[in-house]
Amino acid sequence: MDSLYVLVAAGAMAAGFVQGLSGFGFGMVAMSFWAWTVDPKLAAAMVVFGSLTGQLLAAFTVRRGFGMAHLLPFVAGGLLGIPLGVKLLPYLDPLMFKALVGGLLAVWCPVMLFATRLPPITAGGRLADGVVGAMGGVMGGIGGFTGVIPTLWCTLRRFDRDVQRAVIQNFNLSMLVVTMASYVYTGVVTRDMLPLFAVILPAMLVPTLWGTRVYVGISDVAFRRIVLGLLTVSGVALLASSLPKLLS
């Protein structure tokens with residue numbers, strides 16, 4: 001089997017399990033595999049497809065309600081941010097793309113590890129939630145990273161576990177549906193990508209369902225620490241491979 005398909009399948013399996021467990025993180029995990037060799041435009045489409053598939057599976061297996069009071073500001077902001085992210089995508093340089101993904105992993109993951117020790121953020125209200133949603137929308141349009149900033153924000157807000165999952169799961173699902181539709185409409189998704197989509201779907205199916213069962217049965221605190229630690233290492237490695245070339 002072509003090494004590309006093996007890499008795509010491995011990334012989808014790992015990312016599917018993490019998304020099933022935590023309700024977010026498909027793009028971050030998958031990109032730690034795919035950003036090494038996959039073109040940024042193709043990788044973004046693959047992440048959005050895989051993330052959307054995982055969110056649909058999770059929505060039917062881990063139901064935590066919509067939590068409209070918390071959810072609507074995020075969605076409203078996200079809908080404003082997605083078009084900007086989609087417009088930025090074609091202009092991404094591959095090396096810069098790897099550096100951005102690596103930097104995001106190297107910074108965001110350690111912050112998530114220690115976020116619970118920070119004082120809760122109570123200021124800003126729904127307006128701040130909307131701004132965070134818009135940032136998630138921009139990142140979703142760029143590469144399917146809809147849940148990165150909102151997840152950190154919900155952690156800093158001290159939403160309890162089920163409320164946070166409900167907000168992130170339903171926000172991600174809403175944003176990814178719109179992003180995928182935008183990708184199809186603007187031609188980001190092409191027929192040439194369908195064979196890779198056909199690899200991602202079966203590869204992530206069982207791991208995603210397994211992750212949702214683990215979530216229901218046990219706390220994910222220890223596992224999240226392991227995942228975020230590994231992703232931090234992946235981010236540093238991506239930075240190490242891209243920054244010297246960018247600086248030269």
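The structure is a predicted model, in which local features need pLDDT of at least 70 and side-chain atom pairs count only at pLDDT 80 or more, while totals for chains, interfaces and linings use all residues. Residues are numbered from 1 along each chain as its sequence is written, and side-chain values use heavy atoms, with hydrogens and water left out.

The charged pair comes first. Side chains of opposite charge can pair when their charged atoms come close. A salt bridge is defined here as a side-chain nitrogen of Lys or Arg within 4 Å of a carboxyl oxygen of Asp or Glu, and by this rule the count comes to 1 salt bridge. The partners are Asp 129 and Arg 157, with a distance of 3.1 Å from N to O. Asp 129 belongs to helix H6 (residues 125-143) and Arg 157 to helix H7 (residues 148-157), so the pair links distant parts of the chain, 28 residues apart. Helices are DSSP runs of H or I with at least four residues, numbered from the N terminus. Both Asp 129 and Arg 157 are buried; this term means under 20% relative accessible area, whereas exposed means over 50% and partly exposed lies in between (1.4 Å probe, protein chains only).

Helix H7 also takes part in a helix packing. H5 and H7 pack at an angle of about 20°, and their axes are 10 Å apart. Such axes are lines fitted to C-alpha atoms, for helices over the stretch in contact, and the angles run from 0 to 180 degrees between N-to-C directions. H5 and H7 are therefore roughly parallel to each other, a term for angles under 35 degrees. Their crossing is left-handed, which means that the near helix is turned anticlockwise from the far one by less than a right angle.

In the loop between H7 and helix H8 (161-186) is Arg 158. Although Arg 158 is not a glycine, it has a positive phi of about 65°. Arg 158 counts as partly exposed because its relative accessibility is 35%.

Helix H5 returns in a feature of the surface. Met 96, Leu 100, Leu 243, Leu 246 and Leu 247 make a nonpolar patch of about 470 Å². Patches of this kind join nonpolar side chains (Val, Leu, Ile, Met, Phe, Trp, Tyr) within 5 Å, from residues with over 30% relative accessible area and no salt bridge. The elements that give two or more residues to the patch are helix H5 (94-114) and helix H10 (221-247), and H10 provides the largest share, 3 residues. Leu 243 lies in helix H10 and counts as partly exposed, at 35% relative accessibility.

Three further residues show how sequence separation and spatial distance compare. Phe 26 is placed in helix H2 (residues 26-34) and counts as buried, because its relative accessibility is 1%. Phe 26 and Met 175 are 149 residues apart along the chain, and their C-alpha atoms are separated by 14 Å. Val 86, in helix H4 (residues 68-88), is buried with a relative accessible area of 9%. Val 86 and Leu 56 are 30 residues apart in sequence and 22 Å apart in space, C-alpha to C-alpha. Gly 125 lies in helix H6 and counts as partly exposed at 32% relative accessibility.

How values were computed
Patch = residues over 30% accessible without salt bridge, like charges linked within 9 Å, V, L, I, M, F, W, Y side chains within 5 Å. Areas by Shrake-Rupley, 256 points an atom, 1.4 Å probe, with all protein chains shown as cover. Parallel < 35°, antiparallel > 145°, perpendicular 65-115°, else oblique.
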